[in-house]
Amino acid sequence: MTDTLLSVRNLSVAFHQGGKTTTAVDGVSFDIKRGEVVALVGESGSGKSVSANSILKLLPYPSASHPSGEILFNGKDLMTASDADLRQVRGNDITMIFQEPMTSLNPLHSIERQIAEILDLHQGITGAAARARVLELLNQVGIREPEKRLAAYPHELSGGQRQRVMIAMALANRPELLIADEPTTALDVTVQAQILALLKTLKDEHGMSMLFITHDLGIVRKIADRVCVMTKGKIVETGPTAEIFANPQHAYTRHLLASEPKGVPPVSDTSKPVVMQAEDMKVWFPIKAGFLRKVVDHVKAVDGIDLTLRAGQTLGVVGESGSGKTTLGLALTRLISSKGRVSFIGNDIAGYSFKQMRPLRNRMQIVFQDPFGSLSPRMAVSDIIAEGLKVHEPSLSEKERDARVAASLEEVGLDAATRWRYPHEFSGGQRQRIAIARAMVLKPQFVMLDEPTSALDMSVQAQVVDLLRDLQAKHSLAYLFISHDLKVVRALANDMIVMRLGKVVEQGPSERIFTAPQEDYTKALMAAAFNMEAVDVPAVRQ
Amino acid sequence: MAADIVSTDPILATGRTGRLSPVNRRRWDNFKANRRGFWSFWIFLVLFGLSLCAEFIANDKPILVSYKGELLVPALVQYPEEKFLGDMGFLAITDYGSAEISDEIKANGWMIWPPIRYSYQTANSNIPHSAPTKPFWLMDKAERCSGYPQGENDPGCTLGNLNWLGTDDQARDVAARMIYGFRISVLFGLCLTIASAIVGVTAGAVQGYFGGWTDLLLQRFIEIWSSMPVLYILLIIAAILPPGFFILLGIMLLFSWVGFVGIVRAEFLRARNFEYVRAARALGVNNRTIMFRHLLPNAMVATLTFLPFILSGSITTLTSLDFLGFGMPPGSASLGELISQGKSNLQAPWLGLTAFVVMSVMLSLLIFIGEAARDAFDPRKTFR
């Protein structure tokens, strides 16, 4: 059982576009033995997904090409194999699961039909035999009451269930190798822990090998036997997982391991002035039904939340997707309407119109999650940052405005000379800095940070966390920090709220909640986030 | 943190440059890569530019006259006959083609004629036989000059005075009418396209951005509006109002703006939830600025892609109205009227053929440009 299943030798991938050629993967070699889990670790753009997709030749040929390399699977070179031969391997001997379970399933077919299709294609199983096998697979991947789920369409399933269906499809033909491309990145932490546990048991049961692609070192430590660290298209270090974590050799590996968000949050201080206060805040979206569109029920996105936020302090809002944390933030900044009292630096803003809010807008700012979506691609950086100044301080001359823009760019650690460039010329971390500069240029007192680090690589995440903490200390800012990432919250927030389905599960100083969580749900969240452990408590199941 | 700082590039650091934004740069390169569309674009621009100077190409007045030491520009300024003949002249507009005037001017100076000595309304009084007459190169020298008093030796029987593409049934020069007709078609198409783009984009933007009841009511209105029998309404209105360029433009505008609403509304609906739009709203930017600065550029891509096709559609509509006789006032140069003359004078194929060639060249050029523009704006399209 120790012979090599897959051997990638000196693989290179080049992309041609507009007369330019970029090398995405440069001479990568690695082996996967039978029954082994190998993790490809790296940050975005390191070429890890491209390498994995080359194994089954799933890249957009002919704009992609392989200048060199061979891929030996069971001794046969897939690189020179014909299309017909490749189709035999795809979905049969080697299968893949992808990051986004919503888009990898066809929304127009029931899940039974999608799984049965693969059985029919490769094994010719149809009819009752296929249905029995589909049920068996759904059972294996832990979908409850699979008989009732057979006719379900992807949109009727939750994210975790969809990923389970994807895994069922991948396992349908008992593959020898499963390639998992960031299979848990789009999922909540508790679901992520469940999926990881499932993959591990399935691997042991079937004795298959796995190639696991991820940027999350926590996952690697949990699941992989061996690790290949990739950066800039090259593998810089390979070795057994325990060895790499204990004794990293390459500078980049050490950098990656050291890049967990660190630092301590500000100290709680009740003598500081209150910036934002909300009592019994509610955001209910009506559900209308019937011919006359009568309101029959409400989606209670935020259901009775109290909070107090003081200058220089950070309130972390934690919860899984759909818990209402972003809605809470949008209601506090009056971008959507809500019920209940909201006061902001002494003004009762609950009933304010958009016009009435405008004079206060420069005191409250928002930084969004996606640094690619939150900057207009058609505006130069200087215009993006100056936009708020034009609204709130129209008396500034062109020169003064430019000086303020330059100063705020330097404040967030970017070269002021880059302000004439367009957003696409910057990396993700730099873009998030620009978004922060846009908020800071107005000298706000309150900043809502909506998952500002979730779309960033680990090492960049840590830098942004440091930057946010520095800015807070310098300007005595009040942060509302919304995140599902407990590690980042621990590094920034001194108070926190754990939300679930619009309600508060637990609220208090974050130190107490991290060290001694009271509620079952909080405990499950902590176990999943820090140890990748699935806790099967009723609070987590949906 | 220092590792994340962008290194200073000396070229970029000097400040804002006049270059196109990189997105537009790529689009222009893509447009150029489509050779057919690129050449069509230039050919069309040259033809349109030339037709704008139609008064200097085909006119019954000279471009420049030197008379008794004075420089006159009859193509632009109207001079009465008195100017040249004193008390003898009684016409308010000088007929420079008449022997008296040209002899008088030649005696006291010189004049430069345009290559074609007819305007779109000038009737040729020296045609060899009854109108419509053939293009001159289909007749021998004696025949083509037979309409002139002195026959072959008449000084008036020159290249500029002959009908290059023949005449229509009212002895008007087809070449001149073609040039003016092309101009008015393209101008009408451009005006209609721009006006309907402005109305349609505004309506679509308001619907998409505000959504809700605004969207619902306007959508229902548009559904009713666009289900009207446009042609009959055009005929009825044309029967009541005097026909003319701007009346026609207004009537057609009433119905043509609807075409833009759909795409613009969809783009605004999609883009109004983008994070950078939300970010702008959080900055306190007002609705109008958000629509103009952040949302319109998104919708413009779809709109611009549409424009050449709408343009060719507008031209076809005007031509067909002219053909039916409900278009421009009688006497104006129009390709539709030329086609209808071709239909009623089958013995004079040069009428129908000229109109056909002009229409097909013009519309093909516009479609080729439209194709190239569409490909240039397509972000997924790659060119080798």
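**Before you click**

This is a predicted model, in which local features need pLDDT of at least 70, side-chain atom pairs count only at pLDDT 80 or more, and totals for chains, interfaces and linings use all residues. Residues are numbered from 1 along each chain as its sequence is written, while chains are lettered from A and ligands numbered from 1 in the order in which they are written.

**Stop 1: all of chain A**

Select chain A and switch to cartoon: you get 20 helices and 21 strands. Both are DSSP runs numbered from the N terminus, helices being H or I with at least four residues and strands E with at least two. The C-alpha trace spans about 70 × 55 × 50 Å along its principal axes.

Colour by burial next, and 46% of the 542 residues count as buried. Buried is 20 or more other C-beta atoms within 10 Å of the residue's own, exposed is 12 or fewer, and partly exposed is in between, with C-beta atoms placed from the backbone.

**Stop 2: the six-stranded sheet**

Now pick out β7-β8-β9-β3-β10-β11 of chain A, an open sheet in that order with mixed pairing. Strands pair here if DSSP finds at least two bridges between them. At the edges stand β7 (94-97) and β11 (234-240) of chain A, each with a single partner strand, so one side of each has no neighbour in the sheet.

Zoom in on β3 (37-41) and β9 (209-214) of chain A, which run parallel over five bridges. Show A:Val37 and you'll find its bridge partner in β9(A), A:Met210.

**Stop 3: β5 of chain A**

Select residues 70-73 of chain A with side chains on. Which ones are buried?

On to the partners. Strand β1 (4-17) of chain A pairs antiparallel with β5(A) over four bridges, and A:Val8 sits opposite A:Ile71. Strand β6 (76-77) of chain A is also antiparallel to β5(A), over two bridges, with A:Asp77 as the bridge partner of A:Leu72. Two residues lie between the strands of the β5(A)-β6(A) hairpin, where A:Asn74 has a positive phi near 50 degrees.

**Stop 4: a bent helix in chain B**

Jump to helix α13 (287-324) of chain B. A straight helix of 38 residues would span 56 Å at 1.5 Å a residue, but this one spans only 46 Å between its end C-alpha atoms; the expected span is 1.5 Å times one less than the number of residues. Look at B:Leu296: α13(B) bends there by about 55 degrees, and B:Pro297 follows within four residues. The bend is the angle between axes fitted to the seven residues ending at a residue and the seven starting there. Just after the helix, B:Gly325 has a positive phi of about 90 degrees.

**Stop 5: the three-stranded sheet**

Last, select β2-β1-β3 of chain B, an open antiparallel sheet in that order. Its edge strands are β2 (70-72) and β3 (109-112) of chain B, each pairing on one side only. Three bridges join β1 (64-67) of chain B to β2(B), and B:Ser66 stands opposite B:Leu71.
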